[in-house]
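Good morning, everyone, and thank you for making the time.

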Amino acid sequence: MSAVTSRDGTTIVYERSRSGPAVIIVDGAFCSRAFGPSPKLAPLLARHFTVYAYDRRGRWRSGDTPPYSPAREVEDLAALIQAAGGSASLVGLSSGGALSLEAAASGLPIEKVVAYEPPYVDDTGERGGAAHEGRIAALLAAGNRGGAVKYFMKDMVGAPAPMVVMMRLMPWVWRKLEAVAHTLPYDARIMTQFRIPRARFACVPVPVLMMNGTKTDPRLREAARTVASVVPGAQYRELEGQTHNVNPRVLTPAVVEFFSR
């Protein structure tokens with residue numbers, strides 16, 4: 001386990017698996033090196049790349065310096081890229097895909113970006129995306145971490161109600177979600193009211209591969225296609241049989257193919 005210091009003094013903890021060009025995994029909401037796809041995805045990618053799996057600020061071993069801003073998370077990535085030798089490619093999952101695209105648009109020395117299903121589920125502005133951040137902040141201020149998790153999953157991202165119920169019936173999982181509930185407003189900020197920042201993404205200067213699963217929410221499929229049409233020269237690909245919870249063994253070959261061209 002290693003660490004870098006971000007521009008605002010925040011400690012960002014990461015693990016490195018060395019085997020080739022640098023690749024940084026950028027997790028989505030709730031996830032870290034200890035929970036989510038990274039623990040399985042990192043060793044698969046490490047057969048081909050030098051993989052950096054890190055805890056986004058406020059999660060597990062990394063620090064969290066207020067006030068929060070998406071720009072601070074871009075600075076976290078800048079510090080990691082510097083530690084990786086000055087350039088790297090990014091694999092962004094869910095809201096981590098949105099963060100990866102924002103980092104590329106910010107001009108960081110990024111080689112390529114793979115973004116899997118950034119959840120722009122309110123692109124028309126009809127679902128009240130602007131109100132979500134305030135609602136989840138109010139739940140957290142009241143100490144209702146479980147309510148914040150449920151609201152994020154069901155009302156913000158649109159996860160089916162049975163899925164939320166099932167996760168609540170797995171206390172070993174639900175406790176991990178509640179532990180990082182305070183970072184949910186961070187993801188809401190990164191997702192720009194869950195609407196695609198078209199003008200911003202039109203400035204992305206590096207090769208991008210947008211992906212989604214064939215069995216995922218139709219809104220996520222449409223969002224991936226739309227982002228691919230906005231980012232100059234971006235490629236688009238669907239992964240057969242996959243949902244938002246993508247199987248790392250299915251994702252890895254597509255990432256390797258794109259990064260190895």
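Predicted model: local features only at pLDDT ≥ 70, side-chain atom pairs only at ≥ 80, totals over all residues.

**Loops, core and helix contacts**

S94 sits in the loop that runs between β5 (88–93) and α3, where helices (H or I, at least four residues) and strands (E, at least two) are DSSP runs numbered from the N terminus. Residues are numbered from 1 along each chain as its sequence is written, and side-chain values use heavy atoms, with hydrogens and water left out.

Back to S94, then, whose phi is near 55 degrees, a positive value in a residue other than glycine. Is S94 buried or exposed? Its relative accessible area is 16%, so S94 counts as buried, the term meaning under 20% relative accessible area, with exposed meaning over 50% and partly exposed in between (1.4 Å probe, protein chains only).

A second residue of this kind is T192, in the loop between α8 (184–190) and α9, where phi is near 45 degrees, again positive in a residue other than glycine. T192 is partly exposed, because its relative accessibility is 32%. Staying with backbone geometry, P66 and P67 are joined by a cis peptide bond with omega of about -5 degrees, and P67 belongs to the loop between β4 (50–54) and α2.

Now to the interior. A nonpolar core here is a set of buried Ala, Val, Leu, Ile, Met, Phe, Trp, Tyr and Cys residues joined through side-chain atoms within 4.5 Å. In the largest such core, which has 68 residues, which members touch the most others? They are I24 and L77. Setting aside residues up to four places away in sequence, L77 touches I24, V26, Y54, L90, L99, A103 and L108, contact meaning heavy atoms within 4.5 Å. There is also a second, separate core of 23 residues, including V91, M211, V246 and L251. As background, nonpolar side chains in soluble globular proteins tend to be buried together.

The axes of α2 (residues 70–83) and α3 (residues 95–105) come within 10 Å and cross at roughly 75 degrees; axes are lines fitted to C-alpha atoms, for helices over the stretch in contact, and angles run from 0 to 180 degrees between N-to-C directions. The two helices are therefore roughly perpendicular, since angles under 35 degrees count as roughly parallel, over 145 as roughly antiparallel, 65 to 115 as roughly perpendicular and the rest as oblique. On the α2 side the contact involves E73, V74 and L77, and on the α3 side L99, E102 and A103. By class, these residues are four nonpolar, no polar and two charged, with Ala, Val, Leu, Ile, Met, Phe, Trp, Tyr, Cys and Pro counted as nonpolar, Asp, Glu, Lys and Arg as charged, and the others, Gly among them, as polar.

R200 belongs to helix α9 (residues 198–201), and, neighbours within four places aside, R200 is in contact with E102, A105 and S106.

The second pair is α5 (residues 145–156) and α6 (residues 161–168), whose axes come within 9 Å and cross at roughly 155 degrees. That angle makes α5 and α6 roughly antiparallel to each other. The contact is made by K150, M153 and K154 of α5 together with A161, V164, M167 and R168 of α6, which divide into four nonpolar, no polar and three charged residues. The buried residues of α5 include F152 and M153, and just after this helix G158 takes a positive phi of about 85 degrees.

D187 counts as buried, at 1% relative accessibility. Residues up to four places away not counted, D187 touches G28, A29, R56, R59, S95 and F152. With that, I am happy to take your comments.
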